[in-house]
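I opened a new page for this one and wanted to get my bearings before anything else. These are my notes, in the order I looked things up.

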Amino acid sequence: MSGIVWALLGAAAAAILSGMGSAYGVGVAGQAASGVVSEDPSKFAKVLIIQLLPGTQGIYGLLVAFLTLSKIGVLGGQIAEVSLATGLLIFVACLPIGVVGLISARHQGTTAAAAIGIVAKKPEQFGKAMLFPAMVETYAILALLVSILAVTGIPM
Amino acid sequence: MAVLKMQRIAVCALKKNRKAILERLQALGTVEVNICLPEEEGLKKMDTAGSRSSFLKYAQMAERGLEILQIYCPKQQSMLASLAGKPLVEKEEYDSVIKSRDNLIGDIKKIIDFDKEIAENKGKLQKLDIQEESLIPWMPLSVPMNYSGTMQTAMMVGTVPGAQSQESIYELFMKSAPEVEAVDLEIISTDRDFTYLAVLCMKSDKIRVENALRSIGFAAPSQLLNKRPEEIRQGIQKERERLLAANEELTKKIAEFEKERERFQLVADYFRIRADKYEVLGQLPQSEHVFFISGFIPEKYAPSVAEELSEKYEAMVEISEPSQEEEIPVLLENNSFAGSVEGVLSSFGLPGRGDIDPSMIMSVCYVFLFGLMLSDAAYGLLVSVVCGVLIRRYPRMGQSMKKSLQLFFWCGLSTLFWGIMFGGYFGDVINVVSRTFFGHEVGIPAAWFVPLNDPMKMLIFSMLFGLIHLFLGLGIKGYMCLRDRQYMDFFCDVVLWFCLLVGLILILLPTDLFASIAQTSFLFPGWVNTLAKALAIVGAVGILLMSGRSSKNPGVRIALGAYDLYNITGWLSDVLSYSRLLALGLATGVIASVVNQMGTMLGGGIAGAILFIVVFLIGHTFNIGINLLGAYVHTCRLQYVEFFGKFYEGGGKAFHPFKENTKYVDIKEENIL
């Protein structure tokens, strides 16, 4: 298998795994949000913000995938020569945001669902409610950082 | 730029002025009522619960009436109407409307009754529908449903389960009653679940036929009317028309009250204000001739209020400093820039006892960090312009909404600045458009550098900004210690930490590790290196020895110190946390360029341009939305967790003055302070 396949596999893994996590997270939070809105539609904006929080992992995955695609020239239409070693390097560089994105988005989703519970009972505590899911996201950001630095740092 | 100083105000006045004083205080809205008078003989509280709940009932009734009006003759409201705020009503107009409040309440009652009648009629209509539906299978029957037969014959109607044919029913019937000879089983109609039958037999056979039918599941309908189904149906239709006409008439009657909408709103507000007043009235200790009221008042309003009350209403007014044990309500006062973060601050918690109001410093940091995270000049300009226009357009919008929009206005300007620094204008739209549609690529170069091309540099600067932010927080803590004259705390908790951290940073900078990350190397003269080591050691040893100074036991003291020293990892994670500045900044730019790239899939030409415009509008709207949210959440997080963690406790109680808490209008009062 040549390097370009591995590199593309990396980009795909970053987008697929973190996207899956975000889809799950936003879904779980959305169920909780729907419950709140069915009782009190005026809380829509607040719960929507919290529901969207686990969605960022998917964007981080997209970001890394995009960086990888432009690096190997898939986007520009001129596919670069990628050796097997470089391809594997790129693949591994994509893994942090993929794997951490998947798991952190799932957990952020359940945390966001719980935070929506706070908003339902005490809407004035919105600031604090928003903070708990944001704590989970820190680790996705750290993983994103490693992936970005690694992908941009690998020489072609 | 601070927490307003509160004073305690105590008023003692004659009962004949009670109404006037309470109304004046409510109109001023500067006093939070908080009675703290000792229980004394002869002082009684008035029971106002009854009148208060009746006022509340009227207020709710008026609101219900307005809701009904909104349902039957909806007032068109634009999406931005919620920003417009409450209209201002002249005092004279308000008073004249309130004079006729009894008539207005009568009108509102009428509206509510009409609505009830409409609902009842709707219920009846539904019942008619059900009735008609159950009648449909019987439609072909041309005798009344309860027709019992002729002189010699008997007739019954009813259903048997399942869709059956004439033969199968006869077969079933004959099996259970073979001796009956003359019987006519006529199928009126069949549906999926039932076969509808009319049975004719000799009167002498009636009992046997009935028994035989029952054994095959024959059941008479629940209601037998003495009319033909056709007639019943006509009756239903007539009734339905009557009800529909009645409802239309009632709707028209409700719509006639459309022009009274504003006056209903005033009445609703009037009763709400009165209910509030009676709630306060119920708390006041009163003797035979005088009453007492006390509460908190911001210092700057105290003299004028005291003067007015004592001169106009012959009241005894006493202003004093609140005692230390009391929980003093918090009211912030800031200029319009710093005030814009008050909403963000209060959602964490207002300054508690001993806290300073961090609004000013926090607003600068907030706007700075927000801009770094969004970092796109065009997005920033857009956000600023939209917020600015909304603020100009709706001068009477609610305070908290106005503050949020102001905050985003400033954040937008900061975003514009950082966008220019990093060369982001809708991502790379200028390059993409010039390349695709005009053949040669032009672009605005970044004023500083492009983070995507040099992420390590951006990472280092993110952490540098973070470090400054954190040191600022520690500095504020130092200031608070000095203000409270706790010099020991200042030295141990602030100075020693500064020593340790600065020392460690100075040790880190010249190392190969840092050089490989930052791609620049620092070379310090020897004395700086020695100084760095000395600072770090002094700091570490000092913290180890001094952090547990509250404990007498030396072993415990050292252990506490060691635990506090372990906080160095907390500092590391705090600084690393600012790497989100890089991550979010890149996210904005990269998604924007993905959007631009998608837009150019058809290349140049007319079709390409159309596709580009569509993708551009949808994609960038999405990107602005998602990244505004991200920047907002994560800037809040950096403030709440990293920055406030260094010095701020929060937990203050907000100042809730006794005022005219209206829902629909603001009433213009004379001589407001």
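**Entry 1: a helix pair in chain B.** A reminder to myself is that this is a predicted model. I began with helix 12 (residues 359-374) and helix 22 (residues 580-599) of chain B, which pack with their axes 6 Å apart and at an angle of about 45°. That angle makes helix 12 of chain B oblique to helix 22 of chain B. I then looked up who touches whom. Helix 12 of chain B brings Leu369(B), Leu372(B), Met373(B) and Leu374(B), while helix 22 of chain B brings Leu581(B), Leu584(B), Gly585(B) and Thr588(B). Sorted by class, this contact has six nonpolar residues, two polar ones and no charged ones.

**Entry 2: a second pair.** Next I went to helix 19 (residues 526-546) and helix 20 (residues 554-565) of chain B. Their axes come within 6 Å and cross at roughly 135°. Helix 19 of chain B is therefore oblique to helix 20 of chain B. On the helix 19 side I listed Ala540(B), Ile543(B), Leu544(B), Leu545(B) and Met546(B), and they meet Ile558(B), Gly561(B), Ala562(B), Asp564(B) and Leu565(B) of helix 20 in chain B. The class count for this contact is eight nonpolar, one polar and one charged.

**Entry 3: chain B as a whole.** I stepped back here. Chain B has 23 helices and 13 strands. Is chain B a compact globule or more spread out? Its radius of gyration is 40 Å, well over the 26 Å that the globule rule gives for 673 residues, so chain B is more spread out than a compact globule. Along its principal axes, the C-alpha trace of chain B spans about 130 × 85 × 65 Å. I also noted that buried residues make up 32% of the 673 residues in chain B. Of the contacts in chain B with a separation of 6 or more, 81% are between residues 24 or more positions apart.

**Entry 4: the domains.** Chain B is divided into domain 1 (143-227), domain 2 (334-453 + 582-652) and domain 3 (455-577). I looked at the last two. The C-alpha centres of domain 2 and domain 3 of chain B lie 32 Å apart, and their contact takes 13 residues from domain 2 and 15 residues from domain 3. On the domain 2 side, helix 12 and helix 23 (605-647) of chain B are the elements that give two or more residues. Helix 23 of chain B gives the most, with five residues. I sorted that side of domain 2 as well, and it has 11 nonpolar, no polar and two charged residues.

**Entry 5: one tyrosine.** Tyr648(B) sits in the loop between helix 23 and strand 13 (666-667) of chain B. Is Tyr648(B) buried or exposed? I found 24 other C-beta atoms within 10 Å, so Tyr648(B) is buried. Leaving aside neighbours within four places in sequence, Tyr648(B) is in contact with Asp355(B) and Pro358(B). Gly349(B) is 299 residues from Tyr648(B) in sequence, yet the two are 9.5 Å apart in space, C-alpha to C-alpha.

**Entry 6: where the chains meet.** Last, I checked chain A against chain B: 23 residues of chain A are in contact with 24 residues of chain B. On the chain A side, helix 2 (44-52), helix 3 (56-71) and helix 5 (126-153) give two or more residues. Helix 5 of chain A has the largest share, 13 residues. This side of chain A divides into 19 nonpolar, four polar and no charged residues.

Terms used: Residues are numbered from 1 along each chain as its sequence is written. Chains are lettered from A and ligands numbered from 1 in the order in which they are written. This is a predicted model: local features need pLDDT of at least 70, side-chain atom pairs count only at pLDDT 80 or more; totals for chains, interfaces and linings use all residues. Two residues are in contact if their C-beta atoms, placed from the backbone, lie within 7 Å. Helices (H or I, at least four residues) and strands (E, at least two) are DSSP runs, numbered from the N terminus. Ala, Val, Leu, Ile, Met, Phe, Trp, Tyr, Cys and Pro count as nonpolar, Asp, Glu, Lys and Arg as charged, and the others, Gly among them, as polar. Axes are lines fitted to C-alpha atoms, for helices over the stretch in contact, and angles run from 0 to 180 degrees between N-to-C directions. Angles under 35 degrees count as roughly parallel, over 145 as roughly antiparallel, 65 to 115 as roughly perpendicular and the rest as oblique. Domain bounds come from an automatic or database domain assignment. The radius of gyration is taken over C-alpha atoms; the globule rule is 2.2 Å times the number of residues to the power 0.38. A residue is buried if 20 or more other C-beta atoms lie within 10 Å of its own, exposed if 12 or fewer, and partly exposed in between; C-beta atoms are placed from the backbone.
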